[in-house]
Amino acid sequence: MRCACLSLAAASLLFGSAPAVAGASGFNLVNGTGANITALSIRRFGTQAWQPLAATPSAGARSNVDFADTDCAFDIRATLAGGASATWSGVNLCEVKSVTLNRNPATGASWVDYD
């Protein structure tokens with residue numbers, strides 16, 4: 001029995017184990033823009049195919065986003081109450097629990113905080 005265990009351990013070292021699949025999964029989205037979000041969409045970074053997301057948290061609120069993709073980098077676009085829009089580019093959604101979308105209404109500057 002001991003010999004079989006050692007053989008399995010040696011085979012594991014030689015052949016390695018299956019690689020872990022990285023990627024984005026569900027996360028909490030916090031609206032730090034100061035305005036209600038009326039529509040939200042996402043696309044893989046560097047592509048043109050926007051996909052709608054169901055989450056539309058009001059200002060200061062959070063929403064759970066059910067999302068899964070094998071990639072990590074995404075652009076997120078929000079339409080804000082009043083018609084303004086904001087885009088956060090290259091958002092890393094791998095290994096995060098919470099993403100806060102921030103926007104300075106005076107300058108239009110946008111940034112993301114991760115948790």
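User: Which residues does D75 touch, not counting residues up to four places away in sequence?

Analyst: This is a predicted model, in which local features need pLDDT of at least 70, side-chain atom pairs count only at pLDDT 80 or more, and totals for chains, interfaces and linings use all residues. Residues are numbered from 1 along each chain as its sequence is written, and side-chain values use heavy atoms, with hydrogens and water left out. Contact means heavy atoms within 4.5 Å. Beyond the excluded sequence neighbours, D75 touches S41, I42, R43, F45, G46, W50, W88, S89 and G90.

User: Is D75 buried or exposed?

Analyst: Buried means under 20% relative accessible area, exposed over 50%, and partly exposed in between (1.4 Å probe, protein chains only). D75 has a relative accessibility of 3%, and therefore it counts as buried.

User: Which side chain makes a polar contact with the side chain of D75?

Analyst: A polar contact is a pair of N or O atoms within 3.5 Å; within protein, one must be able to donate a hydrogen and the other to accept it, and residues adjacent in sequence count only if both atoms are side-chain atoms. The side chain of D75 also reaches the backbone nitrogen of G90 at 3.0 Å. The side-chain partner, at 3.0 Å, is S89.

User: In which strand is the place of D75?

Analyst: Helices (H or I, at least four residues) and strands (E, at least two) are DSSP runs, numbered from the N terminus. D75 belongs to the run covering residues 73–80, which is strand 5.

User: In what order do the 4 strands of the open sheet lie?

Analyst: Two strands pair if DSSP finds at least two bridges between them. Strand 7 and strand 8 run antiparallel and are joined by 5 bridges. The pairing in the sheet is mixed, and the order is 4-1-7-8.

User: Which strands are the edge strands of this sheet?

Analyst: An edge strand here pairs on one side only. The two that do so are strand 4 (62–65) and strand 8 (110–114).
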